[in-house]
Amino acid sequence: RIIGEGRATMTIMERSAARRDAMVRSQIEARGVTNPGVLAALRAVPREQFVPAHLAETAYEDRALPIGSDQTISQPYMVALMTQALNLTSSARVLEVGTGSGYQAAVLSRLAARVTTIERRPELAEQARTRLAALCCDNVRVVVGDGTAGYPEDAPYDAILVTAGSPQVPEPLTAQLADGGRLVIPVGTAREQDLITIERSGDRLTQTSGERCIFVPLVGRFGWSSDGRVP
């Protein structure tokens, strides 16, 4: 019986690994994401553990999925694209704005030394803590608060990743960016954004625009208000 149970567990694990590998090959590598560390992280993190149980079979589909509280887990390709844009090193200190399910933080934890992730909804933050602890992501700190104001306590950051669409680049985030650091953020209307990368060199900020994308609104003092207006 024990042997049989062990075989069943291995079968489940092998199936999950195969689904992750297929996702990376067909959805991510095929679209030009080439960073070996990013690809390895996507192959390692079990995405099905970050979605509601009834959506586990759809976890590796090429789309965002609802996770409750009017929030989503991002499309796998977008997670990979944004992570690659950060150009992380193993010693990097990262701030993630918008913890959501915790999946993006789990990916970042495999590439950086320390990840601080901030979520404005306490129920999502607590769920993410539980999931990240189960995967032994010990270098991730989950904070409840207004992510548009950043998290000065752990600043400066070598990389900042914003996982929701903002009407503008929040000034507190650029202020908390270390010299040589990068900020990746979707900026635009509530319905569509451009993926923006900002790099700091001393007092100079250089901005480049990337792909069009659609994210849920970034709500907070320096983002959208809860009623959809710009504060």
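Which residues is Thr116 in contact with, leaving aside its neighbours within four places in sequence? I started my notebook with that. I kept in mind throughout that this is a predicted model.

**Entry 1: Thr116**

I looked up the contacts and found Val94, Leu95, Glu96, Arg141, Val143, Tyr151, Asp154 and Tyr157, with neighbours within four places in sequence left aside. Thr116 itself sits in strand E4, which runs over residues 114-119. Next I checked its cover. Thr116 has 0% relative accessibility, so it counts as buried. The side chains of Thr116 and Asp154 make a polar contact of 2.7 Å.

**Entry 2: the whole chain**

I counted six helices and nine strands. The radius of gyration is 17 Å, and the globule rule gives 17 Å for 231 residues, so the chain is as compact as a globular protein of that length. I also noted the span of the C-alpha trace along its principal axes, about 65 × 35 × 30 Å.

How much of the chain counts as buried? I found 49% of the 231 residues. The accessible surface comes to about 11,000 Å². Carbon and sulfur atoms account for 52% of that surface.

I looked at contacts between residues at least 6 apart in sequence. Of these, 54% join residues at least 24 apart. For charge, I have 25 positive and 26 negative side chains in my notes. The centres of the two sets lie 3 Å apart.

**Entry 3: Tyr60**

Where is Tyr60 placed? I found it in the loop between helix H2 (36-44) and strand E1 (65-68).

I listed what Tyr60 touches, not counting residues up to four places away in sequence. The list holds Ser16, Arg19, Arg20, Met23, Gln27, Val45, Pro46, Arg47 and Glu48. For Arg47 I have a distance too: its backbone nitrogen lies 3.0 Å from a polar atom of the Tyr60 side chain. I also took the separation of Tyr60 and Asp21. They are 39 residues apart in sequence, and their C-alpha atoms are 9.9 Å apart in space.

**Entry 4: Ser16**

Ser16 was in the Tyr60 list, and I followed it up. It is found in helix H1, residues 2-28. Its relative accessibility is 9%, so Ser16 counts as buried.

Which residues does Ser16 contact once its neighbours within four places in sequence are left aside? I wrote down Pro46, Glu48 and Tyr60. The side chain of Ser16 makes a polar contact of 2.7 Å with the side chain of Glu48. A second polar contact, of 2.6 Å, joins the side chains of Ser16 and Arg20.

**Entry 5: helix H3**

I turned to helix H3, residues 76-86. How many of its 11 residues are buried? I found 10, and noted the helix as mostly covered. The buried ones are Pro76, Tyr77, Met78, Val79, Ala80, Leu81, Met82, Thr83, Ala85 and Leu86. Just after H3 comes Asn87, with a positive phi of about 55°.

**Entry 6: backbone details**

The peptide bond from Ala155 to Pro156 is cis, with omega near 0°. Pro156 is placed in the loop between strand E5 (140-144) and strand E6 (157-162).

Next I went to the loop between E1 and strand E2 (71-73), where Ser69 is found. Ser69 is not a glycine, yet its phi is positive, near 55°. Asp70 is in the loop between E1 and E2 as well. It too is not a glycine, and its phi is positive at about 60°.

How exposed are these two? Ser69 has a relative accessible area of 30% and is partly exposed. Asp70, with a relative accessible area of 75%, is exposed.

Definitions and conventions
Residues are numbered from 1 along each chain as its sequence is written. This is a predicted model: local features need pLDDT of at least 70, side-chain atom pairs count only at pLDDT 80 or more; totals for chains, interfaces and linings use all residues. Side-chain values use heavy atoms; hydrogens and water are left out. Helices (H or I, at least four residues) and strands (E, at least two) are DSSP runs, numbered from the N terminus. Buried means under 20% relative accessible area, exposed over 50%, partly exposed in between (1.4 Å probe, protein chains only). A polar contact is a pair of N or O atoms within 3.5 Å; within protein, one must be able to donate a hydrogen and the other to accept it, and residues adjacent in sequence count only if both atoms are side-chain atoms. Contact means heavy atoms within 4.5 Å. The radius of gyration is taken over C-alpha atoms; the globule rule is 2.2 Å times the number of residues to the power 0.38. Accessible areas come from the Shrake-Rupley method with a 1.4 Å probe; for residues, only the protein chains shown count as cover. Lys and Arg count as positive and Asp and Glu as negative; His and the chain ends are not counted. The place of a charge is taken as NZ of Lys, CZ of Arg, CG of Asp or CD of Glu.
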